[in-house]
Amino acid sequence: MGKKRVILITDGDLYALRAVEHVARGIGGRCISHSWGNPSRLTGQQLVSLILKTPYDPVLVMFDDCGFRGEGPGELAMRAVCGHPGIEVLGAIAVASKTRYSEWTKVHFSIDRYGNFTEFGIDKSGLPDIETGRINGDTVYILDELNLPIVIGIGDIGKMAGHDAVEKGAPITSLAVATILERSGFNAGIKGKTEDTNQ
């Protein structure tokens with residue numbers, strides 16, 4: 001068996017859960033639904049166990065610090081997942097938020113709420129920010145040091161003034177995931193394993 005291929009998502013509220021589950025079904029992958037929480041409730045070891053057990057590929061996993069300063073529970077779990085020898089991290093979706101402690105990370109590029117790619121960061125509502133190549137969020141503190149192949153910035157998952165609503169197919173989250181899969185060489189066009197994503 002090869003390594004489990006994982007995409008990290010730095011948001012874990014209920015809107016994110018619904019959107020990420022929808023996207024996972026669309027690509028025949030798996031959302032680790034138990035990874036939702038604001039902040040994250042599962043440890044890295046617990047998430048690794050769930051990731052390795054699922055027969056689906058790729059696996060979308062949510063992490064959330066809920067504004068915790070520095071390395072919070074979501075980022076501790078993220079570090080454990082990234083460090084496991086049985087997991088290959090394809091990339092991360094860095095989600096913008098209004099955080100009290102102004103954490104930020106570099107991004108390769110961002111996708112705004114209209115589906116446009118931009119070199120600028122993005123804000124919570126999905127509009128381009130003034131900074132080039134960086135995004136502010138509350139679970140992004142360690143992304144820079146993880147040496148991920150690609151990090152994409154987007155606005156608040158499942159929201160963005162309705163532009164990423166799950167009722168519309170969560171198009172911005174879908175585009176971010178599809179872009180990571182395309183850049184990694186993963187065939188995102190394969191459908192089939194689209195059953196309920198609850199884990």
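## The cavity and its lining

A cavity is a set of points, on a 1 Å grid over the protein atoms alone, where a 1.4 Å probe fits but cannot get out, and its lining residues are those with an atom within 4 Å of a point. The structure described here is a predicted model, in which local features need pLDDT of at least 70 and side-chain atom pairs count only at pLDDT 80 or more, whereas totals for chains, interfaces and linings use all residues. Residues are numbered from 1 along each chain as its sequence is written, and side-chain values use heavy atoms, with hydrogens and water left out.

A search of the whole structure finds one cavity of 30 Å³ or more, and the largest cavity holds about 30 Å³ of space, where a volume is the space filled by probe spheres set on the points, which are joined across faces, edges and corners. Its lining is formed by Gly 121, Ile 122, Asp 129, Glu 131, Arg 134, Ile 135 and Asn 136. These residues divide into two nonpolar, two polar and three charged, given that Ala, Val, Leu, Ile, Met, Phe, Trp, Tyr, Cys and Pro count as nonpolar, Asp, Glu, Lys and Arg as charged, and the others, Gly among them, as polar.

## Strands around the cavity

Strands (E, at least two residues) and helices (H or I, at least four) are DSSP runs, numbered from the N terminus. At least two lining residues come from each of β8 (120-122), β9 (128-132) and β10 (134-137), and β10 gives the most, with three.

Strand β10 also contains Gly 137, which counts as buried (under 20% relative accessible area, with a 1.4 Å probe and protein chains only), because its relative accessibility is 0%. The C-alpha atom of Gly 137 is separated by 6.6 Å from that of Lys 98, although the two residues are 39 apart along the chain.

## The open sheet

Seven strands form an open sheet with mixed pairing, in the order β2-β3-β1-β4-β11-β6-β7. Because β2 (30-31) and β7 (117-118) stand at the edges, each with a single partner strand, one side of each is left without a neighbour in the sheet.

Strand β1 (residues 4-9) pairs in the parallel sense with β3 (residues 59-62) over four bridges, and also in the parallel sense with β4 over six bridges; two strands pair if DSSP finds at least two bridges between them. Ile 7 stands opposite Leu 60 in β3 and has Gly 91 as its bridge partner in β4, while Ile 9 stands opposite Met 62 in β3. Five of the six residues of β1 are buried.

Methods: 1 Å grid on protein atoms, 1.4 Å probe; cavity = no way out; pocket = protein on both sides within 12 Å on 5 of 7 lines; lining within 4 Å. Buried < 20%, exposed > 50% of the residue type's maximum accessible area, 1.4 Å probe, protein only.
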